[in-house]
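Subject: Structure handover

Hello,

Here is the structure I promised to pass on. Please open it first, then read my notes below.

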Amino acid sequence: KGETAQFDVDVLNNTYSVSAVPIQLEDKHSTRALVVIQNITERKKAEEESFRALMKQKELNELKSKFVTIASHEFRTPLGTIHSSADLVEQYHSRGDDANTKKHVARIKSSVNNLTGILNEFLSLSRIEEGAISNIPTPFNLIEFCKSLVEEMRSIKRPGQQIIYKQHGNIDTVFLDRQHAKNILINLLSNAVKYSAQDKPIYFTSAVESGAVKFIIKDEGIGIAEEEKPRLFDAFFRAHNAAHIQGTGLGLHIVKRYLNLMKGTISFESELNKGSTFTIIIPQSDISK
């Protein structure tokens, strides 16, 4: 047609730039073309790496921006509680009112725990983003591990709440990254406690099936709306019915990232105002390697 053509084409794991220019004769008819083919594979790889680095930097900048926004909001309440309770502790202590002193000391401890949890979430995500966390499996007793998590939850449970733990099967030694597994389960158990009412039970089970470790955490809490389920693992996402409950919206996103490191999976079932069930499956590493 007498037109210039230029395009890139992938052939056998290489990328080529193709330029074709028509050669016009005296009668203005093009019967031949000059075609230049150049291997641009390395250039393309460099461009893609630069683009990925740029997107990574953009994500980190957005993360920092959201951190500042959320931190300023989420830190305000516990810091205010700590400040006011510290003043009241001083007053009650001077009067010898031990009951009220203990009450406000407990409030201070709770607020400090909230702040620590928020900082730990941001620190965990930052380390994952930087590639500073790897999967290092070690053998440990599954039942003792899970019971220690239940005990750790004692300080944050609401009045009347009970975490009911059961182990299915008789295999008790597993080979996983213990710290990653702890981070995952503490996050899910904390959510179950946070989003459930007083006196509501939380069910926690573990089992070893087909070489993988399976954890199930079930609550009878506020549940998740159907239209919000696809975004549940997005960073900073918070469901509408959880807006009044303190949180950063990072917990489940971090859980998913840890599971990616461990080649594990997470699935859930939830119904609004009836509760949620999260199922975690983590393949064990070969202990003989």
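Start with the rings. Ring pairs link Tyr165, Phe204 and Phe215 into a cluster. Rings of Phe, Tyr and Trp (its six-membered ring) pair if their centres lie within 6.5 Å; planes under 30 degrees apart count as stacked, over 60 as edge-to-face and the rest as tilted.

Some ground rules. This is a predicted model, where local features need pLDDT of at least 70 and side-chain atom pairs count only at pLDDT 80 or more, while totals for chains, interfaces and linings use all residues. Residues are numbered from 1 along each chain as its sequence is written, and side-chain values use heavy atoms, leaving out hydrogens and water.

Back to the rings. By the pairing rule there are five aromatic pairs. One of them joins phenylalanine 233 and phenylalanine 268, edge-to-face, at 5.9 Å centre to centre and 65 degrees between the planes. This pair links distant parts of the chain, 35 residues apart. Phenylalanine 233 is in the loop between β8 (212–218) and α6 (251–261), and phenylalanine 268 is in strand β9 (residues 265–271). Helices (H or I, at least four residues) and strands (E, at least two) are DSSP runs, numbered from the N terminus.

Phenylalanine 268 is partly exposed, at 21%. Buried means under 20% relative accessible area, exposed over 50%, and partly exposed in between (1.4 Å probe, protein chains only).

Now the core. The largest nonpolar core has 45 residues. Such a core is a set of buried Ala, Val, Leu, Ile, Met, Phe, Trp, Tyr and Cys residues joined through side-chain atoms within 4.5 Å. Leu188, Phe204 and Phe215 have the most contacts inside it. Helix α5 gives the most to this core, with eight residues. In soluble globular proteins, nonpolar side chains tend to be buried together. Phenylalanine 204 touches residues including Cys146, Leu149, Tyr165, Leu185 and Phe215, not counting residues up to four places away in sequence. Contact means heavy atoms within 4.5 Å.

Next, the strands. Two strands pair if DSSP finds at least two bridges between them. Which strands pair with β7? Strand β5 (residues 162–168) pairs with β7 in the parallel sense, over seven bridges. Isoleucine 163 has isoleucine 202 in β7 as its bridge partner. Strand β8 runs antiparallel to β7, also joined by seven bridges. β7 and β8 form a hairpin with two residues between them, and serine 210 in the turn has a positive phi of about 50 degrees. Why is β7 largely enclosed by the rest of the structure? Because seven of the nine residues of strand β7 (residues 201–209) are buried.

There is another hairpin to find. It is formed by β1 and β2, with two residues between them. Strand β1 (residues 5–11) and strand β2 (residues 14–24) are antiparallel, over seven bridges. Aspartate 8 stands opposite serine 17 in β2.

Last, look at serine 196. It is found in the loop between α5 (178–194) and β7. Serine 196 is buried, at 1% relative accessibility. A polar atom of its side chain lies 2.6 Å from the backbone oxygen of alanine 192. Serine 196 also touches Arg158, Gln161, Ile202, Asp219, Glu220 and Gly221, not counting residues up to four places away in sequence.

Best wishes

How values were computed
Polar contact = N/O pair within 3.5 Å; in protein donor to acceptor, adjacent residues only side chain to side chain.
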